[in-house]
Amino acid sequence: MLQASLADGTADRRSVFELFARRLPDGRRYGVVAGVNRLLDALDRFRFDEQSIAFLADRGVVDQATRDWLADYRFSGDISGYADGEIYFPGSPVLVVESSFAEAVLLETVFLSILNHDSAVASAASRMTWWAGGRPCIEMGSRRTHEEAAVAAALAAYIGGFTATSNLEAARRFGIPSTGTAAHSFTLLHDKERDAFTSQVDALGKGTTLLVDTYDVAEAVRTAIDITGPELGAVRLDSGDLPSLAGQVREQLDSLGATKTRIIVTSDLDEFQLAALAPAPVDGYGVGTSLVTGSGHPTCGFVYKLVAREGADGTLVPVAKKSHDKISIGGRKWALRRRSATGVAEVELIGVGEPPTDDGDDRELLKPLVEGGKVVGRTTPEESQAHHLKVRDELPRYASQLSRGEAAIPTEYVGDYDARNPFLRSHT
């Protein structure tokens, strides 16, 4: 596409690309944006060095004129979008990229790969932390995904409300809190369970977390408290009927005077199991596989489409595809979250061709991210998490429901668009 547009003179046409999801994954009432800061970092690094140009030449991928253009590539346009931690719905213009066609079209794959992955993890994390009801959740999924995806997933989980990660590389890169526990292998290494517990406490102190389900749980709890007294930080349960087992362990700890020792549970948890554990005396959760794989939905289905391009008179002309089941809406978009007088989200209001009117209670969703090629919209992980928890509180309470249903709020379009578009009829 780049080579052809450079040759025919359309490469420099002013263009608007939009990244959005046509629908939410089945069973979801809302989605969570994550990966924006990673995307901005990737944009800063997006260059074609000598090795890359040589590869393109050796493979005959593009001609010399295109290789020369790529060698000087720098994105010089503007990008606005939803911030990390923001809620999105079907049709939400999560990212709006304005530049020449040539500059913007090259970014499709890197932008989609980052946002589809990270937003899927953050969306799962948000559902999990909502049902955790204030109990801390630890991300523990590194062994269940690609090594680089594990680092990205830890950050996305933190944005979605998780309190810490077991992935030290994520802690190093992003500054998010890290924590972890011993595995069964450490207990099995020692001749006796008591020896393993004693060794761990000697090394890490009485505030550590002891894994108590390698053999007999009740005996392990007695041994743990015998070694540490009531100062033991926590015990971890990783198997069995967790709700009933947690109740038994709580009673045993209290009877031994360890009333402040916390109970942490793991074992392939997801949001449905967290909901089931809500009545149990559990103090925290460690979540792995379901989290880093999006809890059954490892991608958000985001697409990146050209929605407007420069016409013969220099103005922007809306463009849209009409393919069956993959229809898009032409025109540059703006977005507001319409809220009630009490601050409850009611509608995702999208203006086509011009911004929608704020009625006084609305919140603008598109933030400047890149201006004239310069990144201006970075946020810290702490800011992103705080933003998510704040905007999640705007949603109507039924948004937390785990049963299948429609999006928590409808998406409505205003402005210059084709009202016959079936996409609009299904989302308005």
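**Reading a predicted model**

Modeller: Let us begin with Val-375, which is found in strand S18, residues 374-375, and keep in mind that this is a predicted model.

Colleague: Is Val-375 buried or exposed?

Modeller: Val-375 has a relative accessible area of 16%, and because residues under 20% count as buried, Val-375 is buried.

Colleague: Which residues does Val-375 touch, apart from those up to four places away in sequence?

Modeller: Val-375 touches Leu-40, Asp-44, Leu-369 and Val-370 when those sequence neighbours are not counted.

Colleague: How should I read a sheet?

Modeller: Strands of a sheet pair through backbone hydrogen bonds, either parallel or antiparallel. Here four strands, in the order S16-S14-S15-S19, form an open sheet whose pairing is mixed. Strand S16 (363-364) and strand S19 (411-415) each have a single partner strand and stand at the edges, so one side of each is left without a neighbour in the sheet.

Colleague: How many bridges join S15 to S19?

Modeller: Five bridges join strand S15, residues 345-352, to S19, and the two strands run parallel; within this pairing, Gly-351 has Val-414 in S19 as its bridge partner.

Colleague: And what describes two packed helices?

Modeller: Two packed helices are described by the angle between their axes and the distance between the axes. For helix H6 (residues 108-132) and helix H7 (residues 147-159), the axes come within 8 Å and cross at roughly 45°, which makes H6 oblique to H7. The crossing of H6 and H7 is right-handed.

Colleague: Which residues of H6 and H7 make the contact?

Modeller: On the H6 side the contact is made by His-117, Asp-118, Val-121, Ala-122 and Ala-125, and on the H7 side by Ala-149, Ala-152, Ala-153, Ala-156 and Ala-157. The residues of this contact of H6 with H7 divide into eight nonpolar, one polar and one charged.

Conventions. Residues are numbered from 1 along each chain as its sequence is written. This is a predicted model: local features need pLDDT of at least 70, side-chain atom pairs count only at pLDDT 80 or more; totals for chains, interfaces and linings use all residues. Side-chain values use heavy atoms; hydrogens and water are left out. Axes are lines fitted to C-alpha atoms, for helices over the stretch in contact, and angles run from 0 to 180 degrees between N-to-C directions. Angles under 35 degrees count as roughly parallel, over 145 as roughly antiparallel, 65 to 115 as roughly perpendicular and the rest as oblique. A crossing is left-handed if the near helix is turned anticlockwise from the far one by less than a right angle, and right-handed if clockwise. Contact means heavy atoms within 4.5 Å. Ala, Val, Leu, Ile, Met, Phe, Trp, Tyr, Cys and Pro count as nonpolar, Asp, Glu, Lys and Arg as charged, and the others, Gly among them, as polar. Buried means under 20% relative accessible area, exposed over 50%, partly exposed in between (1.4 Å probe, protein chains only). Two strands pair if DSSP finds at least two bridges between them.
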